[in-house]
Every structure is written in C-alpha cells, then in structure tokens.
Amino acid sequence: MARPATGKTPLRNIRVPDELWTAAMAEAKAEGRSLTDVIVGDLHRYVTRRRRERAAEPGQPEVP
C-alpha cells in the first residue's frame, strides 16, 4: 500500500494532538504496521474517494 522505504520520499511535518497520536501509534503497532503506513494508506483512500465524489457531481470534469 505505502511506498517502500527508499530514502527518496520527502519528509512532511504535521500537527496532531498527543492523545490522537498515541492512540494511532498503539493501533498501528497492534496491527504490526507503522504509523506512516497507516497515514499514507488513509490519505490514498481519502483522495480516491474525493475524486470519485467530485466526478459524480453533475457538470464536473472527470479527474484522473
């Protein structure tokens, strides 16, 4: 799902409340995943869903 570690993926900075970060880390660890994998996967799903929703709106051009 997420890109393999190549050292070429840019680092990003985000602000996340401590409570949410800690809970997400615990869930990812319980699944044997990194939090990066979880975040990247969720971002992929978000973008895909929004593109489909936008494409379904009348009068909107199709988005690749």
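This report looks at a surface patch and the salt bridges in a predicted model.

## Ground rules

Residues are numbered from 1 along each chain as its sequence is written. The model is predicted, with local features needing pLDDT of at least 70 and side-chain atom pairs counting only at pLDDT 80 or more, while totals for chains, interfaces and linings use all residues; side-chain values use heavy atoms, leaving out hydrogens and water.

## A nonpolar patch

I14, W21, M25, I39 and L43 make up a nonpolar patch on the surface, together showing about 470 Å² of accessible area (Shrake-Rupley, 1.4 Å probe, with only the protein chains shown as cover for residues). Patch members have over 30% relative accessible area and no salt bridge, with like charges joined within 9 Å and nonpolar side chains (Val, Leu, Ile, Met, Phe, Trp, Tyr) within 5 Å.

Helix 1 (18-30) and helix 2 (35-56) each give two or more residues to the patch (helices are DSSP runs of H or I, at least four residues, numbered from the N terminus). W21 sits in helix 1 and is partly exposed at 37% relative accessibility (between 20%, under which is buried, and 50%, over which is exposed; 1.4 Å probe, protein chains only).

## Salt bridges

The whole structure holds four salt bridges (a Lys or Arg side-chain nitrogen within 4 Å of an Asp or Glu carboxyl oxygen). One of them joins R33 and E31, with the closest N and O atoms 3.3 Å apart.

In helix 2, D42 and R45 are three residues apart, so about one helical turn separates them; their side chains meet at 2.2 Å, N to O. R50 and E53 have that three-residue spacing in helix 2 too, and their salt bridge is 2.6 Å between the closest N and O atoms. R49 joins R50 and E53 in a salt-bridge network.
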